[in-house]
Amino acid sequence: MRTYGGQNGGVELKTWTDWLALDIAADLAYNRQLHQVKSMKSSDLLDSINGVNFFGTMNQIMKKFPLLTPLMFLVIPVSVIRSLPRVLSLNSKEVQARIERRGKTEHLDYFEQLCPEDGVVPTDKKRRAHLEQVAGQLMLAGFDPIANQFYSTIYFLTQEPQVFSLLKKEVRGTFKNYDDINPDGLVPLKFLHACLQETLRLHTNASFGMPRISPGAKVDGTYIPKGVVCQIANFAAAHSPRYFKEPRRYQPQRWLPSTHPHYDQAFRHDHLKGFWPFSQGPRMCPGRESAWVQTKLFIAKVVWNFDLEMVPGQDYDWERDMKHYSMWQKPDLFVKFIPVQGEKRREVSDL
Ligand code: HEM
């Protein structure tokens with residue numbers, strides 16, 4: 001980033017943040033070092049995951065309208081149709097490689113909990129398929145929303161100079177040295193937390209509604225019969241003026257405690273408790289603590305090191321260009337990461 005980010009053309013944000021998020025996700029899931037950032041090259045796994053995105057949506061539609069299935073093969077390129085089997089096959093190979101590396105890994109990973117070093121490796125087909133399914137889900141669920149948080153937080157910071165100044169002041173004022181930036185040291189940074197909350201709101205993950213089958217129960221005074229599928233329109237709720245003032249603007253101040261010096265009274269009627277980006281209940285995201293640590297570390301380290309600017313002359317509109325299939329499809333975006341040196345860093349922290 002230091003070598004390329006400051007150049008006039010900047011770097012393409014989607015590619016770099018996808019590389020970083022998948023490097024981390026594969027390492028945490030099954031100790032697999034993809035080295036995409038280091039080699040500046042996308043892995044086969046990343047290319048295949050990106051292909052799955054559109055196919056996933058078409059597949060869902062065809063399940064509802066099976067008679068249309070032959071049409072799917074006319075409108076979707078063969079490479080996209082092959083992407084899902086390719087992801088499954090790559091994941092299966094990674095699981096096998098990780099089993100062979102048991103006891104020889106560099107650090108603890110999620111796989112160690114699924115199939116510990118001193119545990120029994122499942123050999124029957126059903127249990128093996130389950131192991132692959134869970135490992136793959138941990139890798140994929142650990143990649144996509146993190147990549148979205150990295151990408152969109154940086155984009156929003158380039159669009160809201162006042163917000164970016166306050167964040168720079170907090171981060172650069174808190175840490176004297178880069179090496180001091182660690183998960184514990186980041187806990188007191190309320191403005192950083194608020195920025196990431198606001199990205200979660202605007203770049204709503206799990207926009208597909210997370211369907212649940214009612215067991216037959218009363219919800220908020222209304223009886224929902226057994227078998228009815230219920231969903232929440234997460235995206236609509238997170239963008240609704242009924243719950244958020246200026247809902248389409250990036251305004252992290254709304255998430256600050258009312259005692260914080262930058263809390264803005266204008267947002268006092270926001271319904272903050274109605275927003276659950278990691279969902280609720282027994283299927284709530286199990287990766288939320290890891291997500292907070294990863295995203296805080298990345299954004300704090302970027303803000304400590306760089307000033308950010310969108311490369312001028314791009315026909316880019318976040319709301320228009322962002323597309324949602326089974327995952328978000330983020331448009332290319334060129335951003336300059338301008339390294340800041342000692343004196344300049346101090347100037348901001350003294351603001
Ligand atoms: C900003 C980051 C993240 C967001 C916004 C997010 C959000 C969510 C949401 C909304 C769900 C669905 C919960 C439900 O159905 O009620 C979910 C499920 C899940 N998430 Fe996350 N997640 C994030 C990061 C992670 C990470 C880093 C991992 C790492 C392993 C992870 C692993 C999972 C898994 C395995 C599930 C499925 C849980 C189940 O079906 O029981 N997530 N996540």
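Asn91 is located in helix α6, where helices (H or I, at least four residues) and strands (E, at least two) are DSSP runs numbered from the N terminus. The structure is a predicted model, in which local features need pLDDT of at least 70, side-chain atom pairs count only at pLDDT 80 or more, and totals for chains, interfaces and linings use all residues. Residues are numbered from 1 along each chain as its sequence is written, and side-chain values use heavy atoms, with hydrogens and water left out.

With a relative accessible area of 6%, Asn91 is buried; the term buried denotes under 20% relative accessible area, exposed over 50%, and partly exposed the range in between, computed with a 1.4 Å probe on protein chains only. Not counting residues up to four places away in sequence, Asn91 touches Tyr30, Glu132, Ala135 and Gly136, a contact being heavy atoms within 4.5 Å. The buried residues of α6 are Ser83, Val87, Leu90, Asn91, Glu94, Val95, Arg98 and Ile99. The cover over these buried residues includes α1 (13-30), α3 (44-64), α5 (78-81), α7 (110-114) and α8. Helix α6 comprises 18 residues (residues 83-100), which at 1.5 Å a residue should span 26 Å, and the 26 Å between its end C-alpha atoms agrees with this. The expected span of a helix is taken as 1.5 Å times one less than its number of residues.

The same test was applied to α13. Buried residues in α13 include Trp292, Lys296, Phe298, Trp304 and Asn305.

The protein chain is divided into domain 1 (11-205 + 239-349) and domain 2 (206-233), with bounds that come from an automatic or database domain assignment. The C-alpha centres of domain 1 and domain 2 are 28 Å apart. Across the boundary, 7 residues of domain 1 are in contact with 5 residues of domain 2.

Both domains take part in the ligand shell: domain 1 and domain 2 each supply at least three residues. Of the 21 residues around the ligand, Arg212, Phe278, Ser279, Arg283 and Cys285 come nearest, a residue being counted as near if one of its heavy atoms lies within 4 Å. By class, the shell holds 12 nonpolar, 7 polar and 2 charged residues. In this scheme Ala, Val, Leu, Ile, Met, Phe, Trp, Tyr, Cys and Pro count as nonpolar, Asp, Glu, Lys and Arg as charged, and the others, Gly among them, as polar.

Polar contacts were defined as pairs of N or O atoms within 3.5 Å; within protein, one must be able to donate a hydrogen and the other to accept it, and residues adjacent in sequence count only if both atoms are side-chain atoms. A polar side-chain atom of Ser279 lies 2.5 Å from an oxygen atom of the ligand. The side chain of Arg283 places an N or O atom 2.7 Å from an oxygen atom of the ligand. For Ala141, a backbone N or O atom is found 3.5 Å from a nitrogen atom of the ligand. The elements that give two or more residues to the shell are α8 (125-159) and α13 (288-305), and α8 provides the largest share, 6 residues.

His239 lies in the loop between α12 (234-238) and α13. His239 is buried, at a relative accessible area of 12%. The side chain of His239 reaches two backbone oxygen atoms, that of Phe235 at 2.8 Å and that of Leu202 at 3.2 Å. Leaving aside neighbours within four places in sequence, His239 is in contact with Arg201, Leu202, Thr204, Pro247 and Arg248.

Other loop residues were also examined. Tyr325, in the loop between β7 (323-324) and β8 (328-329), is partly exposed, with a relative accessible area of 25%. Apart from residues up to four places away in sequence, Tyr325 touches Asn53, Phe54 and Thr57. Tyr325 and Ala97 are 228 residues apart in sequence, and their C-alpha atoms are 31 Å apart in space.

His35, in the loop between α1 and α2 (36-39), has a positive phi of about 55° although it is not a glycine. At 38% relative accessibility, His35 counts as partly exposed. Met210, in the loop between α11 (190-202) and β2 (212-213), likewise has a positive phi, near 45°, in a residue other than glycine.
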